Amino acid sequence: VTLGANTTLTSTGSGAISFASTVNGAFSLTVNTGGSTTFGGAVGNTTALASVATDAAGTTTINGGSITTNNGPISLADAVTLGANTTLSAGTGNITLGGTVNGAFALTLNSTGTTTLAGAVGGTTALTSLTTNAGGTTAINGGAVTTTGAQSYGDAVTLGANTTIAAGAGSVTFASTVNGAFGLTVNTLGTTTFGGAVGGTTPLASVATDAAGTTVINGGAITTNNGPISLADAVTLGADTTLNAGSGNITLGGTVDGAFALALNSTGTTTLGGAVGATTPLTSLTTNLGGSTVLSGGSITTNNGAIVFNDAVNLGAATTLNAGSGNVTFASTVNGGQNLTVNSTGTTTFGGAVGGTTALLSLTTNSGGTTAINGGSVTTTLNQSYGDAVTLGANTTLTSTGSGAISFASTVNG
């Protein structure tokens with residue numbers, strides 16, 4: 001078919017409209033039917049159309065592999081079924097998929113305008129992959145995108161509904177920013193990459209990843225509007241990173257690695273469920289004032305950088321903090337019936353009572369540097385061993401309820 005003018009095809013009785021072969025011509029094509037519209041060949045591959053539109057009734061099947069316009073909109077308002085790997089190319093024009101999209105094929109959406117996914121994608125039959133190009137924005141308003149393979153969003157993403165991204169074993173990549181006052185859940189056995197800031201303009205309601213796979217944070221920040229940030233898989237930092245959850249909880253369920261600084265800001269509960277910096281030490285770790293931090297991962301390691309807990313700390317496992325020459329600061333209380341070892345040749349500071357609510361099992365500091373006990377008391381069940389010089393910043397009582405040894409290897413002043 002060749003178009004010689006702007007063209008509207010209408011079936012008033014919901015009849016099928018079928019293009020068995022190609023469609024070309026530098027004009028607009030509108031198809032209105034309550035039945036099925038089928039594109040059997042490439043649309044606009046020889047001469048790009050000015051625009052392509054279908055109405056909301058009926059369905060559209062794309063078997064020809066591509067629809068191309070010359071910087072004009074592609075608006076498919078009805079449910080779309082892919083019958084082949086498909087590329088929609090609109091140049092600067094917008095791409096709008098107003099209904100559901102299904103079909104076990106790859107879908108590529110190329111537009112430097114706005115790409116809108118208004119319905120669930122892959123909800124009935126998962127796509128094999130979904131790709132959007134760089135430039136423009138993608139609005140995910142349909143609540144879910146499901147593929148068996150990779151999802152790659154090359155442009156900025158906005159959420160218009162609570163959204164679940166499911167990619168099977170495929171990777172999920174947000175190359176740019178993600179914004180929108182809704183929850184985002186990413187489920188994949190592969191790698192989830194946040195290339196830009198998440199919630200930097202409009203904080204999300206929540207952010208979650210499942211336990212399988214890994215998450216790479218390259219965009220510097222994830223921000224929610226007092227909602228939880230729960231990254232259940234292993235996390236790799238690709239830039240200095242700040243997680244801001246307001247009063248929401250922050251949960252890092254797996255390991256955290258990367259030669260960058262990590263700041264965790266929450267007045268709820270921050271939980272570190274895996275070892276931090278064990279493979280690649282962080283440059284520093286900081287939690288904010290307010291709330292509490294639970295250390296359940298066994299260790300935190302920095303490359304001569306500071307470890308600072310401005311909130312109350314609870315030990316959920318035997319814990320070793322390794323800061324090299326960096327300082328280690330507990331600004332508030334420390335509790336939990338576990339062993340705590342602090343290794344630093346800088347200054348280790350206990351700003352609040354240690355073991356005042358739940359006695360620690362033991363407390364050990366290494367030689368080198370100093371330990372400042374400013375919180376008035378340290379209570380353990382077993383031993384207390386101070387390998388470095390100790391300074392007292394308040395009247396201090398050291399107690400071992402289980403008759404453990406208390407030893408000062410170096411000087412005590414204050």
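**Entry 1**

I started with strand β4 (residues 36-39), which pairs with strand β6 (residues 59-62) in the parallel sense, over four bridges. For my own notes: strands are DSSP runs of E with at least two residues, numbered from the N terminus, and two strands pair if DSSP finds at least two bridges between them. I looked up who faces whom, and threonine 37 stands opposite threonine 60 in β6.

Then I went on to the next strand. β6 and strand β9 (residues 79-82) run parallel too, joined by four bridges. Here isoleucine 62 stands opposite leucine 82 in β9.

A note on what I'm looking at: this is a predicted model, where local features need pLDDT of at least 70, side-chain atom pairs count only at pLDDT 80 or more, and totals for chains, interfaces and linings use all residues. Residues are numbered from 1 along each chain as its sequence is written, and side-chain values use heavy atoms, with hydrogens and water left out.

**Entry 2: asparagine 102**

I found asparagine 102 in strand β12 (residues 101-102). Is asparagine 102 buried or exposed? It is buried, because its relative accessible area is 11% and buried means under 20% (exposed is over 50%, partly exposed in between, with a 1.4 Å probe and protein chains only).

Next I listed its contacts (heavy atoms within 4.5 Å). Leaving out residues up to four places away in sequence, asparagine 102 touches Val80, Thr81, Leu82, Gly122, Gly123, Thr124, Thr125 and Leu127. Leu82 turned up in Entry 1, opposite isoleucine 62.

**Entry 3: the ten-strand sheet**

I traced an open sheet of ten strands with parallel pairing, in the order β17-β20-β23-β25-β28-β31-β34-β36-β39-β42. β17 (144-146) and β42 (334-335) stand at the edges with a single partner strand each, so one side of each has no neighbour in the sheet.

I zoomed in on one pair inside that order. Strand β28 (residues 229-231) and strand β31 (residues 250-252) run parallel and are joined by three bridges. Leucine 231 stands opposite leucine 252 in β31.

**Entry 4: strands β33, β35 and β38**

I checked another run of pairs. Strand β33 (residues 261-265) pairs with strand β35 (residues 284-287) over four bridges, in the parallel sense. Leucine 264 stands opposite threonine 287 in β35. On to strand β38 (residues 307-309), which pairs with β35 over three bridges, again parallel. Leucine 285 has isoleucine 307 in β38 as its bridge partner.

**Entry 5: the cavity**

How many cavities of 30 Å³ or more does the structure hold? I found one. A cavity is a set of points on a 1 Å grid over the protein atoms alone, where a 1.4 Å probe fits but cannot get out; lining residues have an atom within 4 Å of a point. The largest cavity holds about 40 Å³ of space, the volume being the space filled by probe spheres set on the points, which are joined across faces, edges and corners.

Its lining is Leu272, Gly274, Val276, Leu295, Gly297, Gly298, Ser299, Ile300 and Thr319.

**Entry 6: serine 344**

Last, I looked up serine 344, which is found in strand β43 (residues 339-344). Serine 344 counts as buried because its relative accessibility is 0%. Its contacts, not counting residues up to four places away in sequence, include Ala323, Gly326, Val328 and Asn366. Serine 344 and asparagine 366 are 22 residues apart in sequence, yet 6.7 Å apart in space, C-alpha to C-alpha. I also noted that the side chain of serine 344 reaches the backbone oxygen of glycine 326 at 2.5 Å.

Conventions
1 Å grid on protein atoms, 1.4 Å probe; cavity = no way out; pocket = protein on both sides within 12 Å on 5 of 7 lines; lining within 4 Å. Polar contact = N/O pair within 3.5 Å; in protein donor to acceptor, adjacent residues only side chain to side chain.
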